[in-house]
Amino acid sequence: MVGFLITEVEEQDRPGSGSKDLVPVTDDIHALGSTTSPASSISARVAAEKAKSDASVALPMISIFRVEDAELPAEANTDTVGFAPAPLPSTIPMDKVMTNIVQNLDFKAWSEHARAMWFKDFKSPPSRAVMNDTFWYCICWYFKAGKHIDVEKRLFDRISANFVFLFESVAPTRKDFFFRFYADAAAQAVLYAMFLAYPKSRVNFTEKFRRGLVDRISYWSTGICPEFVDTSHWKLNLGGGDVLQATTSPAWQRSAAEGAGGASPAGGAGAPGSASGGGAASQPILGQLSADSLAGRRASLAHRAPRPFQTLRYSPLVAHFLKTRKFSSVNFVRPLRMGLTSAEERSKLMDVKHAMLVERASMAREHCEQLNSEYADLCSEVKRQERQRQAQAQAGKKRLEIRRKEVLRSDPHEYANYLVSLHLLQQGLGQNA
């Protein structure tokens, strides 16, 4: 009986705070001992104290703060009934997070009623299921690469199914309006959930990581990688200000080999319609997602922006759902082949070129300023030398004037004789030479 109670102590101590969960069980042990003999009561008390000390030493309070140490829930490792999603960590206030997300989105001229209707669809069970399983999928893909391939496939199956349910649940008149903002909102939900659940890994959730989430979810839901992704409007304010501003920006980057050559759990094409339609069946779902990388081209300023051809039919999520369910008949949509201009890579090259021109202009300005400084120094040196020569000339003239006055005051004949003798002396020296 005591051994059974010790097992209960171990199970209760994991989610609790240690000593608080142990007290009631110990009291039960004492209560059981009071109904038995004194010897059995003493032995039960000793066993209970030993169990308490062992439990307090061997079972510290478990708290996971790093995303690399995250443990997948049981629902992520097994198939669930009705495509039920894996639950998020209990520390995430998802309702507050979703309210924060809808405040970040720019609905422009749409009314508050339209915002409320969008938020209603965003909080629907299929939408929550997509975000929950995407949360665990991203943890497996980005931070546990190659360790849970079967789990990734299972999660992707459920994501595709719940996305189809979400697409069917949204009214046809609101589909375009809803899915226009859904990829951005779902990426925010995944990031904020990771940000709150794993505070010691916030250094990994950089701007590049956030854009990668938007690219991934956009490609899954539409089949097209967005360009010029902007996450500057993302703000997570749960009452104490925007906590995203405190994040630093070194760290996360998956290796190029895994990014470019990662196997896709589902290949795909997409849901018809302007909101969730379009996608190339030959494009990889996982990896370095950009139009130029998918087309295998390198952007160059020597030519116009590339326009890789894509076959728009189904989004990867819808195509994967149709493929896995193996329906006897499906509503086949005729594929549409069209060229989509890839302007982002060219824009980046133009930015680099303009930055080089600005750098050259600044270098030319610095060189000009240096030459002007050297010219000014040279001018000041020449003027100093001129003033010095003028001072020397004035001093020489003054000495000559003094000498002239001295000669005039003395006998001029003596000075004339001095000059003649000097002249003769010079001639004699010349003849001797």
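Hi everyone, let's start at R66: its relative accessibility is 36%, so R66 counts as partly exposed, a label for anything between buried (under 20% relative accessible area) and exposed (over 50%), taken with a 1.4 Å probe and protein chains only. Before I go on, this is a predicted model, where local features need pLDDT of at least 70 and side-chain atom pairs count only at pLDDT 80 or more, while totals for chains, interfaces and linings use all residues. Residues are numbered from 1 along each chain as its sequence is written, and side-chain values use heavy atoms, with hydrogens and water left out.

Back to R66. Which residue does R66 form a salt bridge with? The partner is E68, and the closest N and O atoms of the two are 3.6 Å apart. By salt bridge I mean a side-chain nitrogen of Lys or Arg within 4 Å of a carboxyl oxygen of Asp or Glu. E68 has a relative accessible area of 28%, so E68 is partly exposed. Salt bridges with shared partners join R66, E68 and D69 into one network. By this rule, the count is 11 salt bridges.

Next, please look at R128 and D95, a salt bridge whose closest N and O atoms are 2.8 Å apart. R128 sits in helix α7 (residues 125–143) and D95 in helix α5, so this pair ties together parts 33 residues apart in sequence. Helices here are DSSP runs of H or I with at least four residues, numbered from the N terminus.

Last stop, the surface. Y415, Y418, L419, L422, L425 and L429 make a nonpolar patch of about 560 Å². Patch residues have over 30% relative accessible area and no salt bridge, with nonpolar side chains (Val, Leu, Ile, Met, Phe, Trp, Tyr) joined within 5 Å and like charges within 9 Å; accessible areas come from the Shrake-Rupley method with a 1.4 Å probe, and for residues only the protein chains shown count as cover. L419 is found in helix α15, residues 412–432, and counts as partly exposed at 40% relative accessibility.

Note on methods. Helices (H or I, at least four residues) and strands (E, at least two) are DSSP runs, numbered from the N terminus.
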